[in-house]
Each structure stands twice: as C-alpha cells, then as structure tokens.
Amino acid sequence: MSLSGKRLSKRLEANVDEIKQRLGSSDDLIVKSMTGLQGWHGVLVYIDGLTDSTIIHHSILDFLMSENQASARNSVMSGSDTLHYIKETVLAAGEVTIIEDYDKLFLNLLSGVAILLLEDCEECLAIAAEGWKDRNVSEPTSQGVVRGPMEAFTENIRTNTALIRRKIKDPQLWLVGRSIGSVTQTNVAVMYLNEIAEKSLVDEVFRRLDKINIDGILESGYIEEFIQESSYSPFPTVYNTERPDTIAAGLLEGKVAILVDGTPFALLVPALFVQFFQSAEDYYQRADVSTLLRLLRYVSFLITMLAPSVYIAITTFHQEMLPTGLLINLAAQREGVPFPAFVEALLMEVTFEILREAGVRMPKTVGQAVSIVGTLVIGQAAVDAGIVSAVMVIIVSITAISSFVIPAVNISISVRMIRFGLMGLAASFGLFGILMGVILLVLHLNTLKSFGVPYMQSLAPFVWEDQKDTLFRFSWKNMRTRPLATGVRNLVRQKKATDLTK
Amino acid sequence: MSATLLIAFLTVTAFVWELMPLFKKGFIKDAMLYLVLLMVGVYLSVCTILLFDLPSPMALLNIIFKPLLKGFAP
Amino acid sequence: MQAEQRVSVRQMKVLLIFFIVGDLMWYLPSYTAGVADQDAWMAALLGVGLGIGVSSFIYWFGSRFPGMTIIDIHRHVLGKFAGGILSLLFLIHLMSNGSAQIRVIGDFMTTQMMTETPLRVVLFLFAAVVLISVRMGLTVIARTGQVFFMMFMLLFTILILLLIPESEPSKILPIASHSAADIIRGGLFVVAFPYCQMTVFLMLFPLLEEERLSLKQYMIPLIIGGAVIIIVVTLSILVLGAYMTQHQLYSTYTMAKKISIGNFLQRLEAILVINYLLSTYFKCVITLYAFCRGLTQLFGLRDYRVLTLPIFLFIFGYSYVISTNVVFFNSLGPAWALWEMSNVIFLLGFVYVVHLLKGLIKGKPLHSS
C-alpha cells in the first residue's frame, strides 16, 4: 500500500489534510499547530500512545515555544531554512531527520516519530519520540537454566539488540535493519560479527530475507519458514531462542542472528543437528557434569523416539529377547487387554498428545492440576478398566519425560511425528522395520543442509576438532578452536592454553 | 492382491513421473533403457509376488565351473 | 547432479571397512570350516594375506588408469564392442551380488527371527531402503556410514568381549591336522568373498574428493577388515567347534545366541543382528550404487537417478528368482567364489595384459623409426 513516492507540498494545509485523510482522521492522531513570532506556521503531528509525551512536551514543544519568545533572529527566513535552523539549533531531541515524501513520513509517523511540518516548506522533520509500554526484561519461559543469566528478550527490538550489545562490546558487531512485510513493515535486524562470520553466509541471509514478499510478519516463525531450505523435512534448520547469551555465543562462533520486532524469539542461522542438543548451561557448569548431561540428552532423544516402537516390536515379534521372569509378567498384564500392542500404544500416545496440548492452552490456574492428575487418573483408570496394560503407561510416561530433556523444543516436535511412523514400522516388521526406519531417518538427516552447511556436520562429515563440543563438552582450556562449520575464517579462539601450574 | 496393486501403482508412477519427462526432453536412449528395465522389473516382481518360480540363472554358475568345483568344494 | 557425489578419504575408508565386513559374517565361517575343520583360522589367516595381495592388485590396476572407472578402462583398452561385453559381464556380476546380499538378509530374517513373515515382504522392504539410499547419492551414503560407524565398532567389540568367556581352547586342537591343500582351499574362500569383490570400488575411486587414495590409506581398511574376518572365524571355532560351524546355517548368529551375562541378560543376538544388518546394508548399497552408475556410464545416459525405480523392481524380483530356497542358495557358495576369482583374472588381469600388449605394439613403430 505504498503512496507511490508522493512528495510533500509547500502548502501546510495540503500536507495536514493528506495525513488526516490517509489515516482516516484516527482518534489517536494528534495535530498541534503553532505560530511563531516571525509568522511561521508549523504543525506537529504524532500518534498518541506510540510516542512519549514527556519527550514531546519537554524536548520539542518546550524548545519550539521558547524559540518563539526568545526570537533572536531578526531576518525572515524561508520555510526550508527555518526548518534547517530548527533542526540544527533549536531542538533538544536526538535523532532528527529530514523527510521529503509521504512513504517515509507515514512509516515514521506510525513508528512513534513526531513529524514537524512547516508552511512553505517541501520537507519535514522527523523527530524521534518513541515511548510506549512494553514488557520488562524477565526470565525466559522456555529455555531455563539453573546457573547462568536469567534475562530473556522482550518484544521490543531495541531492547533486544541492546541486550546483545551488552554481551559483545566489539565494534565488529554489525547490525543491519530491514523492514519486511508490506503492511506490517516489521522491523527486522540482522546481527553478525563481521570479522568472524563468513561473507557468503551473510549474503545468503540477506538474499533470502529480501525475497520475502508477504503482507505481514507477526513472529519470527514466519521468517523462519521463509528462509529455511525448502524441504519437507520435519527437522528444523533454523534455531530460535529467547536468551541473549545463546545468541551471543552463536555470534561468537560465526553464526548470524535475526531479531524480529514484536517477538522475544530470535533466530540463529545456520543451525546444525548437534546444536539442538546443546544448552546454554553446558558452558556454565563444570565440563564433566556437562558431558554427562549431554550424553544423557542424546540417550533421551533415542528413548523418546524408539521406546514405544521397541516395546511394540519386542512384544509382537521378538518375545524371546526378554528374560523369562519379565516375559511372564508382561504376558500376565497383557492377558486381559483386547487390543494388539500397536493399537494400545497408539491410543496412549494420542491421549498423551491431547493432554499435552490441552495443558498448554488451559488457563494457568487450571492447567497444572489437569495435566498431572489427568495423566495419572486417565492412565490408572485405563489400566484398571483393562484397556491398556500398566507397562504401556510406563512406556508412554518415559517417552514423554524424555522428550522434555531435549533443550530445543522444535526438535522434540519433530520427534513426536517420527515416533508414530516408527511405531507403524515396528508393528509390521519388528526390529527389522525399526532398523530400516532408523536408516531412512539418518539418510534423510544427511541430505539436509542449513544455509549450505551439511546438517550433521561434526558427526558426518566427521571433524575431529569439533568433537570437543558435540557429544562431550571438554573443559574451556581445550576449547581452542571455533567449529569448522561456521568459524573457518577465524578458527583460533584461544591463543595458548592458560596454564596455572607454571 | 494388494501386493499386485502396489506393483501396479509403482509402475504407473514410474511411467508418469519419470518416463514421460524423459520422452519430452528428448532423451530417447534413456527412455528406452528405462522402459526395458521397467518391463523386466515388473515381470520379475509379479513373478515374485505370485510366488511363481522361475529357473534361476545362478544354476549356470554350477554348470560353467563344474570342472573346477571338483577340486574346490567340500 | 554428478558433480555433487564426492566423498572424502575418511568417508571412503569407512565405506571400505563396511564393505569388507559386509556379509562375511553370514557364511564365511561355515565355508572355511567346511573345508578345513578346526584349522579354519589358519585358512582365514592365509586367505586374508592373499586377499590383501589381490586387493592391492586391484588398487594398482586402478591406479594405472587414473580417473577412469572400470567401464572407461574396458572401453579404452578393448574398444567399444569387446569392452562393452566385458563391462556387461561386470555389471551382471554386480547385480547378482547386490541381489544375493538382499536375499541373504531375507533368508536370515525369515528362517531365524521372524519366521512368519513372508520372504517377499522382507525383500521388498530391504530392497526399497537400499534403492532409496542409492538414489540419494554417494555423499549421503558416506555420511550415513560415518554416523553408524562408531556404533558398529562398539557393538562389534562388545560381541567379541562377551564371547571370549564362552570359548573353549580345546576345540581348536589338533592344530594343523589338515593338508596344506585343504587350508589353501579354505583360504581361497576368504580371498574370493570380501577381497575379490573389491572390483566394485574401481567404479567408485574416481569419485574421491582429493585426487588419489594412497596405498597406505587403502591398506588400513583392508587390514581392519581382515582382522575382523580372522577374529570371527577363530571365535566361531573356539565357541562352537568345527562340526557346528560347518553345519550351522548362520554360525555367527548361533555364536551370538550363546552370550549370557550373569545368567539374566541373555539372547542378545537381536542386537548383534543389527550390526550384521548394517554392514550388509552398506555393502549392498555400495554394490548397487556402482551398478547404477555403471549402467548409466555403459549406455551413455545422462543421470543415474532416474533408473533407480525400475532397478528396484528388477532387483526385488531377481533377488527372489535367484534361488528357490535357502539350501540351493547356500550350495552356490563355491561356484560363486570361483566366479569372483575369475572376475579378477578376466576383467582385470586379462585387460591389463591386452593393455601391455597394445603398449608394446604401439611402442614398436616408435622404436623402429
């Protein structure tokens, strides 16, 4: 809905009328007219609610009115010169720019900028006066840690960029803005460390961002979908996070961060498979504890993906694999259950998915009670009614709990989908089917790329130096190089091992 | 029955998605080889599905190497 | 499309190890023990030594013609027609090997683990996964190999460690009670099965990322594979004894069944089946990939990917046709070994002799002028 570059006219009335007409005389549009002693007419236009009235009153109106009274000028200046005089000398505001066409005028006006129009002048001043209410910096909702910074991004992009700047004080941290979305004109900022990030990566990010042609961007998820590689894979190739320290760590490794105004979730590209298993806390705790926890995460990933399938496969096809005592117990439990293991597993998994979704949508007061008690009661009641066996409830619970161990939520969503496929394969072909499914899954993972980097980088192609940060987390003394995937330009992080014993 | 349907479905998919574009792009040699392989493949698959036993070409191995086998096999 | 299929040296080594270990565990102990009884381990040693020599010859042959696959070599040395015939024989050999590997899995699954599943179903599923992998390209296959490699080695080591307590050294006595001829016969099986099949790699070496695989880098997977062979055969004799090894259809599987830890963790053979399935899968994928590439190269086609679907139907059908039952399939073993060895002699040795002769004949006018 561009106004095709229409320029301001010299007549004040015409400009003000144009603005009022375009905005449909919206109630929150404030038009304040002033008259100076030298006879210049001016109009200050701003949107109430987007601007800080303190700034308007003290920084702009105060000085403009007192200029009228002080009036050290004797000569009569033309409209344009008056404008420049006001810009350079009078105003006490910070960011003041000169605008000549309506596109920019409306963009600025609707972003919380006050516009000063003068009679007999084809330009106007845009004076920064933003000030609206937004959320305080608070704790992250999704990726919490026990030890580490507890601040998370907010919906205001300037606050977010400031949070990152506070962590990285290098002048090479560059921030390039874009306005994406033809109607929403959402402010999107791309941040990267110029001397570390690969130029081709940065260019590629901008290329993809500039190709987006949609009316509105409401959340970083929209951008994520647009810039990810076009494949139908359930696996995410873009990492999102609420935490500034994760973004800062990614920037230090040579990744590129994308922040979107209006959402606390920032994007980090390129995202590799191993990254989804790394949590910020890994680097704040001791190396050995972190290594164990990381291995635990990988094991949980396997459990959450394979547990129901393996149960189905073993109880349907390979009963001889269980020790005799366990087998007799299982057989006794499954005695009264009318369904085959596959249907039983399917029922319980679907029920659990329903419970999980319901728990998210419920109002907070009711949510906790319903989800916990619901699972227990429904599980226990189902077992007593003889619809499912107790082992099935255990398996489903372990599966669900394991899925919460993975730090990145988007991978656990993918795993949920894959789990059902594997269950189907297990029910038809037993362990052989599961193995074939896993092989197909690994094949698929290996075909994925995230911004040109193979998705499984560090595992395959196998890079010895990067192993210090994939399955394990070696101590900081040993983290001498950046990961090969993104940090090739500037590989060495630590020059020499800091040795305290010498 | 359902297995034959599966093979038929695969053949039709192969035909429409792969063979037609090959013809259209003018790669006649590719298309011919594709067709030959497809025909033989469908024939063998259908034999497999219907459990129809064909004589195995591997029996030739025994015939060709018969003189050497005397000294070699257990 | 074609330019993307590059693999690094490390990935090639992983593929080589998977290929050599491949499907040897299914039947190699039975064949060697069949001829040499409890001296099968000596036969294995001899066979590995000879086999490494044969594989080195294959490598050396490939290095005579840098950057050319075996199809190119045949065409270059023997001309289009005769070269085409030999290449066709080579491709038929590849195809039969690939189908046989699928059939081995199918037979094993339906006779040992999932006896109620019909054979065609297992063949269909396995062939489908293999051909999907072929379609995805060598880079993806190599990366998948790297992902599974650690797990494979770990499981194999666990298998060995758990079997050592089950072994009885008395079963290997008397040592060297068989004539040298018997041991050599046993060794020839080992030469034939993993090592003569390395001709497959003559199709794949030009796809390396760096220029050439050096001989030392090539030897490491061979030696590791050879070590696996020797360990498996020796353990089979030690744990099961000569008679059982000869007469059991899948002796390593039987061996794995004997594992018992603390009398409660038993019957772990299903986990070891995963190992065997993985290595056979990779061997099959490499063989059929070479087959697809060879076919496209022989007929001068544009891209090998289009052929994967009809080849899937073909291989699926052929793996069933290849033999009517398990007994016939296993009886093909010796003849097949001879076929492998004759391949090396004819497709490689013969061709090289012709190449030398051509060189001499061409050299003569040069000398005489």
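Me: How many salt bridges are there between chain C and chain A?

Reply: This is a predicted model, so keep in mind that everything here is computed. To count here, a side-chain nitrogen of Lys or Arg has to sit within 4 Å of a carboxyl oxygen of Asp or Glu. Between chain C and chain A the count is zero.

Me: Okay, and how many residue pairs are in polar contact between chain C and chain A?

Reply: Here we look for a pair of N or O atoms within 3.5 Å. Both residues also have to be at pLDDT 80 or more. For chain C and chain A, the count is two.

Me: What share of the area buried between chain C and chain A do carbon and sulfur atoms give?

Reply: Let's start with who takes part: 31 residues of chain C are in contact with 27 residues of chain A. Together the two chains bury about 2600 Å². Met114(C), Leu125(C) and Arg143(C) supply 22% of what chain C buries there, more than any other three residues. As for carbon and sulfur atoms, their share of the buried area is 79%.

Me: Now for chain B. How much area do chain C and chain B bury between them?

Reply: This contact takes 40 residues from chain C and 38 from chain B. Carbon and sulfur atoms hold 76% of the buried area. The area itself is about 3600 Å².

Me: Which helix supplies the largest share of the side of chain C that touches chain B?

Reply: The elements giving two or more residues are H2, H5, H7, H13 and H15 of chain C. This side divides into 29 nonpolar, seven polar and four charged residues. Eleven residues make up the largest share, and they come from H13(C).

Me: What does H13(C) meet on chain B, and at what angle do H2(B) and H13(C) cross?

Reply: H13(C) meets H2(B), with Tyr34(B), Leu37(B) and Leu38(B) among the residues on one side, and Leu309(C), Pro310(C) and Ile311(C) among those on the other. The residues of this contact divide into 16 nonpolar, four polar and no charged. The axes come within 7 Å, and the crossing is left-handed. The angle is roughly 40°.

Me: Is the crossing of H5(C) and H13(C) left-handed or right-handed?

Reply: These two helices of chain C pack at an angle of about 145°, with their axes 9 Å apart. Leu119(C) and Phe124(C) are among the H5(C) residues in the contact, and Phe312(C) and Tyr320(C) are among those from H13(C). By class there are eleven nonpolar, two polar and two charged residues. The crossing is right-handed.

Me: How far apart are the nearest C-alpha atoms of chain A and chain B?

Reply: Two pairs of chains touch, and the most contacts are between chains B and C. Chain A and chain B do not touch. Their nearest C-alpha atoms are apart by 15 Å.

Note on methods: Residues numbered from 1 in each chain as written. Chains lettered and ligands numbered in written order. Predicted model: local features only at pLDDT ≥ 70, side-chain atom pairs only at ≥ 80, totals over all residues. Heavy atoms only, no water. Axes fitted to C-alpha atoms, helices over the stretch in contact; angles between N-to-C directions. Helix = DSSP H or I, 4+ residues; strand = E, 2+ residues; numbered from the N terminus. Left-handed = near helix turned anticlockwise from the far one by under 90°. Contact = heavy atoms within 4.5 Å. Nonpolar A, V, L, I, M, F, W, Y, C, P; charged D, E, K, R; others polar. Buried area = accessible area lost by both parts, 1.4 Å probe. Polar contact = N/O pair within 3.5 Å; in protein donor to acceptor, adjacent residues only side chain to side chain.
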